[in-house]
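I opened my notebook to look up a few spots in this structure.

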Amino acid sequence: MTIQVESLPVSNSHGLRDRDDFLTGLLNQVISTPTQEWLQELRAIADHGLRYATIPTTRNEEWRFTDLSALRRVQFHVDTQLKSADISAVTLPEAVNSRLVFVNGVYAPDLSAVADLPPGVVVGNLAGLSPSEQERVKPYLAKAEGSQEVFTALNTAGISDAAVLWVGKNVNVEKPIHLLFLNTAGEQGCIYQPRCLVVAESSSSITLVEDFTFTGFGNGENTQKTPVYLTNAVTEIWLGDNAQVNHTRLAREGVEAFHVGKTAVTQARDSRYTCHAVTFGGQLSRHNLEVFQTGEQTETILNGLTMISQKQLADTHSVIALNHPHGTSRQLHKCIVSDRAHGVFNGKVLVPQAAQLTDAGQLNRNLLLSPQARVDTKPQLEITADNVKCAHGATVSQLEDDEIFYLQSRGINQSDGRKLLINAFAAEIINHIPVKSLQKILLNTVNSYS
């Protein structure tokens with residue numbers, strides 16, 4: 001099954017689309033000439049598709065709650081200079097020797113440490129791979145479904161390097177691998193385009209933490225005025241037969257940042273994919289999470305947590321395309337929204353006729369902490385198979401006065417009672433993350449928001 005992203009082309013008198021000047025300007029900024037011929041071909045294909053494409057507007061059904069007009073008012077430029085950075089505040093003790101770092105989209109070898117990995121595992125940047133390793137990468141890079149979506153194609157059109165993680169057959173990587181994409185945002189209007197490729201061959205297993213973080217996040221700087229920048233990230237994850245990937249994705253951007261991310265997952269027979277997607281920060285963020293089943297008996301678990309305040313907008317769009325029999329999927333996405341912030345969730349589960357005996361469940365739960373907070377939620381099941389077990393639902397609620405009163409009657413003041421209830425709501429997602437130090441960091445972040 002192929003998923004096509006809707007577009008609204010504007011035709012002129014000659015029947016051609018009018019060019020989107022803003023998108024053309026972005027494209028002209030990101031394009032450069034890579035040394036590898038095969039990368040030039042990938043970029044040329046993406047560039048050709050974008051020349052008469054348009055940035056989505058609220059007239060597009062998939063973007064009707066997410067207005068990108070503020071993004072269009074910024075003149076973006078590329079900064080390819082490697083900046084020095086202090087990563088001590090954002091490193092994970094479990095991944096001290098299994099860490100790959102990019103600063104402002106540029107690979108930082110001096111900050112990376114990948115010595116503590118078993119044989120059969122390759123973790124590095126694309127430009128640093130050997131010719132034979134690059135040959136192995138070619139069939140996977142920019143080959144996932146949905147590659148023609150406008151922001152994904154923009155990333156491909158500018159690709160010159162990428163984080164690459166390759167796990168060989170039957171290899172079990174016990175320690176988590178931390179892919180850190182750090183933004184220092186030293187200049188106004190920079191655009192960063194991180195790219196990540198993960199290939200888990202048959203019967204392999206890996207735990208991955210993909211971390212998009214502003215350098216001042218967690219030190220109080222994320223609540224202050226910061227430069228405007230755009231992170232346009234694309235991650236492709238390929239699971240072979242019986243492979244297992246436990247993936248945690250963090251988006252902790254600066255308060256003025258824009259973040260658009262794509263995660264495209266392809267699951268072969270008997271594979272198991274788990275994603276914990278956590279979003280804080282940024283004036284506007286959008287995560288497109290797309291899972292495509294290519295074999296029977298796959299297992300897909302998607303857990304999501306969004307926590308936003310002030311006038312932030314955070315949008316999660318997910319697709320689980322179950323194309324074969326005996327697939328199982330579970331999705332739980334939670335939003336905590338305060339002040340005048342706006343949360344959006346649209347989750348699709350596609351079950352065509354061929355996907356008999358599918359078992360799919362989807363739930364979106366939302367907690368509004370102020371009268372001005374807003375959530376738009378749209379869980380969707382599209383089923384044509386007749387022998388399936390599928391359910392979906394959504395809830396929107398506020399903190400109950402009687403719950404806070406009960407805690408006060410037990411000697412807990414109102415402020416601490418609110419924090420306790422919010423923490424419990426978020427902990428259902430955070431406690432499933434398989435990295436203990438990261439659990440603690442995220443719970444502390446939740447406390448600071450509440």
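I started with Cys275, which counts as buried at 1% relative accessibility. The model I am reading is predicted. I then looked for a bond from Cys275 and found that it is in no disulfide. The nearest cysteine sulfur, that of Cys196, is 12 Å away. Cys196 is in no disulfide either. I checked its cover too: Cys196 is buried, with a relative accessible area of 1%.

**Strand β14**

Next I asked which strands pair with β14. β12, residues 272-281, pairs with β14 in the parallel sense over eight bridges. In that pairing I noted Ala277 opposite Gly304 of β14. β16 also pairs with β14 in the parallel sense, over 10 bridges. Here I found Asn303 opposite Leu332 of β16. Then I looked at cover. β14 has 10 residues, and eight of them are buried.

**Helix α7**

I turned to α7, residues 414-430. Does its length agree with its residue count, or disagree? At 1.5 Å a residue, its 17 residues should span 24 Å, and I found the end C-alpha atoms 24 Å apart, so the two agree. I also looked for a bend. α7 bends by about 25 degrees at Ala424.

At the N-terminal end I found a cap, Asn413. One of its side-chain oxygens lies 3.3 Å from the backbone nitrogen of Ser415.

I listed buried residues of α7, among them Gly417, Ile422, Phe425 and Ile429. In an α-helix, residues three or four places apart point the same way, because there are 3.6 residues a turn.

**Thr358**

My last entry is on Thr358. Where does it sit? I placed Thr358 in the loop between β17 (342-351) and β18. Is Thr358 buried or exposed? Its relative accessible area is 1%, so I wrote it down as buried. I then looked up its contacts, leaving aside neighbours within four places in sequence. Among them are Leu322, His324, His326 and Gly327. Val351 is on the list as well. I also noted Asn387, Val388, Lys389 and Cys390 as contacts of Thr358.

Note on methods. Residues numbered from 1 in each chain as written. Predicted model: local features only at pLDDT ≥ 70, side-chain atom pairs only at ≥ 80, totals over all residues. Heavy atoms only, no water. Helix = DSSP H or I, 4+ residues; strand = E, 2+ residues; numbered from the N terminus. Expected span 1.5 Å × (residues − 1). Bend = angle between axes of the 7 residues up to and from the residue. Buried < 20%, exposed > 50% of the residue type's maximum accessible area, 1.4 Å probe, protein only. Polar contact = N/O pair within 3.5 Å; in protein donor to acceptor, adjacent residues only side chain to side chain. Contact = heavy atoms within 4.5 Å. Pairing = 2+ DSSP bridges. Disulfide = S-S within 2.5 Å.
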